[in-house]
Amino acid sequence: MEPAPAPAPAPAAGARVCYICLGGEEGGGRPSRLMHGGCACRGDAGFAHLSCLVKAARANAKLWWGCLTCKQHWTGPVNVGMAQARYLASCGEPEQSIERLHAQTQLTHALSAAGDCTEAVHIGREALATAQRFYGPEHPETLGAMGALARAYCCSGDYAASVPLRTEGLEVRRRKLGADHELTLMAAMNLGTSYMQIGRHEEALVLLTEA
């Protein structure tokens with residue numbers, strides 16, 4: 001019978017700790033080292049082991065996206081780490097699972113924000129194909145996946161590829177939500193930005209002025 005592993009040493013007095021497990025910095029570049037979520041928490045608040053955040057998010061799905069204290073989204077390495085963990089966990093779900101689609105869309109956004117554009121486009125295409133097949137072309141989940149893929153294309157510098165996606169998203173939102181809805185105005189701004197990047201300045205001006 002093998003002896004039980006020795007417990008981790010308690011953090012020194014005043015040392016930074018994980019706000020979930022209250023354990024300390026493990027260092028050495030290990031995945032369980034203390035990381036800040038890049039949210040609005042300041043000082044020693046907001047530091048946690050990524051593994052602890054993942055465990056907590058399995059009990060409260062809001063933690064996949066952001067901090068429950070300051071209500072802001074994760075950024076940087078924690079954003080990517082949480083999205084990757086959620087995506088891997090969702091791979092065992094049925095293809096039509098809403099959780100699997102949310103994980104694909106979140107990872108697309110996180111990879112785009114991190115500049116991993118090729119992988120973002122790959123996951124984004126996967127998410128959009130799934131949404132269109134199981135939810136239809138005008139479902140909010142499909143529109144969300146469409147927006148994530150358009151962002152990934154912009155991240156890669158392929159603004160022209162984002163235009164058809166953003167055009168369709170704007171048309172659907174105008175028809176279903178009305179011209180003055182917040183989501184419609186955001187869609188108009190996004191399409192206007194894509195137009196600007198490919199030199200269609202007059203069309204961009206119309207949309208951005210409208211928004």
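In this predicted model, helix 6 and helix 7 (residues 159-177) pack with their axes 8 Å apart and at an angle of about 155°. An angle over 145 degrees counts as roughly antiparallel, and helix 6 and helix 7 are therefore roughly antiparallel to each other. Helix 6 passes helix 7 in a left-handed crossing. On the side of helix 6, the contact involves Leu143, Gly144, Met146, Leu149, Ala150, Arg151, Tyr153 and Cys154. Helix 7 contributes Tyr159, Ala161, Ser162, Leu165, Arg166, Glu168, Gly169, Val172 and Arg173. By class, this contact holds 10 nonpolar, three polar and four charged residues.

A second pair is formed by helix 8 (residues 182-197) and helix 9 (residues 201-210), whose axes come within 8 Å and cross at roughly 160°. That angle makes helix 8 roughly antiparallel to helix 9. The crossing of helix 8 past helix 9 is left-handed. Residues of helix 8 in the contact include Leu185, Ala188 and Met189, and those of helix 9 include His201, Leu207 and Leu208. The classes in the two contacts are listed below.

| Helix 8 and helix 9 | nine residues | three residues | two residues |

Helix 4 (residues 98-114) has 17 residues, which should span 24 Å at 1.5 Å a residue; its end C-alpha atoms are 24 Å apart, in agreement. Among its buried residues are Leu101, Ala103, Gln104, Leu107 and Leu111. The buried residues of helix 4 pack against helix 2 (62-65), helix 3 (76-90), helix 5 (117-135) and helix 6 (140-155).

Key. Residues are numbered from 1 along each chain as its sequence is written. This is a predicted model: local features need pLDDT of at least 70, side-chain atom pairs count only at pLDDT 80 or more; totals for chains, interfaces and linings use all residues. Side-chain values use heavy atoms; hydrogens and water are left out. Axes are lines fitted to C-alpha atoms, for helices over the stretch in contact, and angles run from 0 to 180 degrees between N-to-C directions. Helices (H or I, at least four residues) and strands (E, at least two) are DSSP runs, numbered from the N terminus. Angles under 35 degrees count as roughly parallel, over 145 as roughly antiparallel, 65 to 115 as roughly perpendicular and the rest as oblique. A crossing is left-handed if the near helix is turned anticlockwise from the far one by less than a right angle, and right-handed if clockwise. Contact means heavy atoms within 4.5 Å. Ala, Val, Leu, Ile, Met, Phe, Trp, Tyr, Cys and Pro count as nonpolar, Asp, Glu, Lys and Arg as charged, and the others, Gly among them, as polar. The expected span of a helix is 1.5 Å times one less than its number of residues. Buried means under 20% relative accessible area, exposed over 50%, partly exposed in between (1.4 Å probe, protein chains only).
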